[in-house]
Amino acid sequence: MTQPVRHVLFGPGTLDDSVGDDLLDLFDDATITDQDFEIEIRRGDWGWCVAALAPSSDEKVRTTAARLRALAGEHGCDHAVVTGRLATRPPRLVVTDVDSTLTTTEAIDLLAEAAGMGGKVAAITERAMRGELDFTASLTERVATLEGLPSTVLDEVFGSVRLSEGARELVQQVHALGALFGVVSGGFTALVDPLVDDLAIDLSAANVLEVVDGRLTGRTRGPVVDRAFKADQLRAWASERDIPLDLTVAVGDGANDLDLLDAAGLGIAYCAKPLTAERADASISFPRLDAVMALVVDPMVHQD
């Protein structure tokens with residue numbers, strides 16, 4: 001049984017005339033009919049997308065898809081292929097990482113700066129995100145540098161957390177689809193929970209910093225939210241709500257997100273490290289988080 005395939009070209013700003021002209025030339029090809037592709041043009045605050053939905057993947061469709069990929073390369077725009085039910089149906093659950101995805105900041109780096117250990121911890125974080133260090137071991141090492149800090153520093157540091165451009169809009173647009181929005185973070189509940197409240201996020205999981213007598217102990221409490229935990233949490237949230245995994249979307253930027261992206265029906269790398277971008281189903285190269293909407297079906301949008 002053949003399944004529909006959705007090919008998407010997308011980018012920031014407005015659709016460049018040269019891209020539009022090349023797309024017109026491609027789809028004006030006399031060998032391509034309305035039965036081969038259903039074309040949708042969509043625009044938003046995040047930018048633009050042109051989606052070509054094919055009911056199957058025959059030789060003609062594969063040839064045209066290759067031309068679309070080449071066109072994306074020539075013009076420097078992003079290209080993605082969405083398969084399965086998400087090619088024609090909206091997701092029911094979208095889950096994102098927090099640090100450097102939902103936000104532009106890294107929680108542990110902000111806390112380390114407050115402890116005067118910023119340079120050392122930032123270097124460890126970068127190596128972990130590139131997949132060069134085991135996440136759990138690196139987290140333990142980084143959190144240990146926070147020992148003795150007053151717990152009040154958590155409120156102070158939260159003031160430095162910055163949302164990614166388009167983060168609030170993405171949560172709102174996912175909710176408008178009737179879907180749930182969750183976050184799963186290798187960061188800390190003290191910095192994630194206020195974001196959850198502010199953005200009306202439905203589901204969340206993060207590490208818990210241990211506090212004794214008003215000071216951080218340099219340890220976490222409970223299970224570590226690592227690479228495997230993130231994927232397991234997505235599966236658990238979906239199972240508890242009878243949501244098929246093939247109708248879930250996950251978004252992340254680092255090696256610690258790879259299992260999460262693999263577990264979802266559509267795994268999207270966002271302004272990601274090379275390893276993550278290569279492994280993900282799709283990749284967004286520009287810093288606008290609500291560009292995720294270019295890759296999901298929205299039954300309410302106007303189709304040009």
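Q: What makes a residue count as buried in this predicted model?
A: Buried means a relative accessible area under 20%, while exposed means over 50%, and partly exposed lies in between. The model is a predicted one.

Q: Why is Cys 77 called buried?
A: Its relative accessibility is 13%. The cut-off for buried is under 20%, so Cys 77 counts as buried.

Q: Why is Cys 271 called partly exposed?
A: Cys 271 has a relative accessible area of 32%.

Q: Why is Ile 39 called partly exposed?
A: Ile 39, in strand β2 (residues 38-44), has a relative accessibility of 30%.

Q: What makes the buried residues of α8 lie on the same side of the helix?
A: In helix α8 (residues 167-176), the buried residues are Ala 167, Leu 170, Val 171 and Val 174. They cover an arc of only 100 degrees around the axis, which puts them on the same side of α8. In an α-helix there are 3.6 residues a turn, so residues three or four places apart point the same way. The face turned away from the buried side carries the exposed residues Gln 172 and Ala 176. Among the elements covering the buried residues of α8 are β5 (93-96), α3 (98-102), β6 (180-188) and α9 (189-199). After α8 comes Gly 178, with a positive phi near 85 degrees.

Q: How do you know that the buried residues of α9 line one face?
A: Leu 191, Val 192, Leu 195, Val 196 and Leu 199 are buried in α9. Seen down the axis, they fall within an arc of 135 degrees, so they line one face of the helix. Their packing partners are α3, α4 (107-114), α7 (152-158), α8, β6 and β7. Ala 200 follows α9 and has a positive phi, near 60 degrees.

Q: Why is β6 called largely enclosed?
A: Eight of its nine residues are buried, so β6 is largely enclosed by the rest of the structure.

Q: What makes β5 and β6 a pair?
A: Pairing takes at least two bridges between the strands. Four bridges join β5 to β6, and the two run parallel. Leu 93 stands opposite Leu 180 in β6.

Q: How do you know that β6 and β7 pair?
A: The requirement is at least two bridges, and β6 has four with strand β7 (residues 203-212), in the parallel sense. The bridge partner of Phe 188 is Asn 207 in β7. With α9, these strands make a right-handed β-α-β unit.

Q: Which residues touch the most other members of the largest nonpolar core?
A: Of its 42 residues, they are Phe 10, Leu 102, Phe 181, Ile 268, Ile 284 and Leu 295. A second, separate core has 18 residues, including Leu 93, Val 184, Trp 237 and Ala 264.

How values were computed
Residues numbered from 1 in each chain as written. Predicted model: local features only at pLDDT ≥ 70, side-chain atom pairs only at ≥ 80, totals over all residues. Heavy atoms only, no water. Core = buried A, V, L, I, M, F, W, Y, C linked by side-chain atoms within 4.5 Å. Buried < 20%, exposed > 50% of the residue type's maximum accessible area, 1.4 Å probe, protein only. Arc of directions from axis to C-beta. Contact = heavy atoms within 4.5 Å. Right-handed = clockwise from strand over helix to strand, strands pointing away.
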